[in-house]
Amino acid sequence: MPKSSPRTTSRTRTVKKRSRTRRLGESAYGLLLVARMGLMAALALLLLVAGVWTSWHTAQYAMLVKGRERGTMTVADCRDDRCTGPYTSSGGDGRRRAGVSLAAAAAPGEGEQVEVVLKPGTDRAVRTGPGGILHAWVPFAGSLLLAALVVAGGMKLRRTAWVMGLLGAVLLGATFAAL
């Protein structure tokens, strides 16, 4: 009686080699996906850098007040996007000025006083304190919101996009509450 071969429970699979054209197409598609991710990451980074760059031009005066001309501005008149009023120095070698201007979004109501720092060589004032610092970082908050859309739509990183968007919204909300 012939010996029977042992029964095998596993199935044998034959592996077919993909054609060269198909492998090249899959490689090209993968390269396109990587290129898209890289382009979207570069765009999101560009948005964030632009937001920080724009914010820093004002934030440096609101945050780093030592050695700068500081004082109090009384809001007298608001037109378009600037408010003007007299400025009184709070010490140092600063002098009293008849009129300095402040961004209307950072200014309190007419007749109220606000602590400010003057930009060197100009009559432009920047609000100090928490309200002024938050107002200075509003462009960065906007760039966070825009970059969140790019990260969610272009890179498919939903959780990261939610975090970025919420940080931008919180920063904008805190600015609104502080001013």
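I looked up Leu146 and found it partly exposed, with a relative accessible area of 47% (buried is under 20%, exposed over 50%, partly exposed in between; 1.4 Å probe, protein chains only). I am working on a predicted model, where local features need pLDDT of at least 70, side-chain atom pairs count only at pLDDT 80 or more, and totals for chains, interfaces and linings use all residues. Residues are numbered from 1 along each chain as its sequence is written, and side-chain values use heavy atoms, with hydrogens and water left out.

I checked its C-alpha against that of Leu48: they are 8.7 Å apart, across 98 residues of chain.

Next I took Arg127, in strand β6. Arg127 is buried but has no salt bridge (a side-chain nitrogen of Lys or Arg within 4 Å of a carboxyl oxygen of Asp or Glu). The nearest side chain of opposite charge is Glu112, 7.4 Å away. I did find the Arg127 side chain reaching the backbone oxygen of Ala106 at 2.7 Å.

Last, I turned to the lining of the largest pocket. Its 15 residues include Thr58, Arg82, Ala103, Val126 and His135, which lie nearest the centre (lining residues have an atom within 4 Å of a point on a 1 Å grid; a pocket is an open set of points where a 1.4 Å probe fits, with protein on both sides within 12 Å along at least five of seven lines). Elements giving two or more residues are α1 (20–63), β4 (97–103), β6 (125–127) and α2 (129–136).

Note on methods:
Helices (H or I, at least four residues) and strands (E, at least two) are DSSP runs, numbered from the N terminus. Lys and Arg count as positive and Asp and Glu as negative; His and the chain ends are not counted. A polar contact is a pair of N or O atoms within 3.5 Å; within protein, one must be able to donate a hydrogen and the other to accept it, and residues adjacent in sequence count only if both atoms are side-chain atoms.
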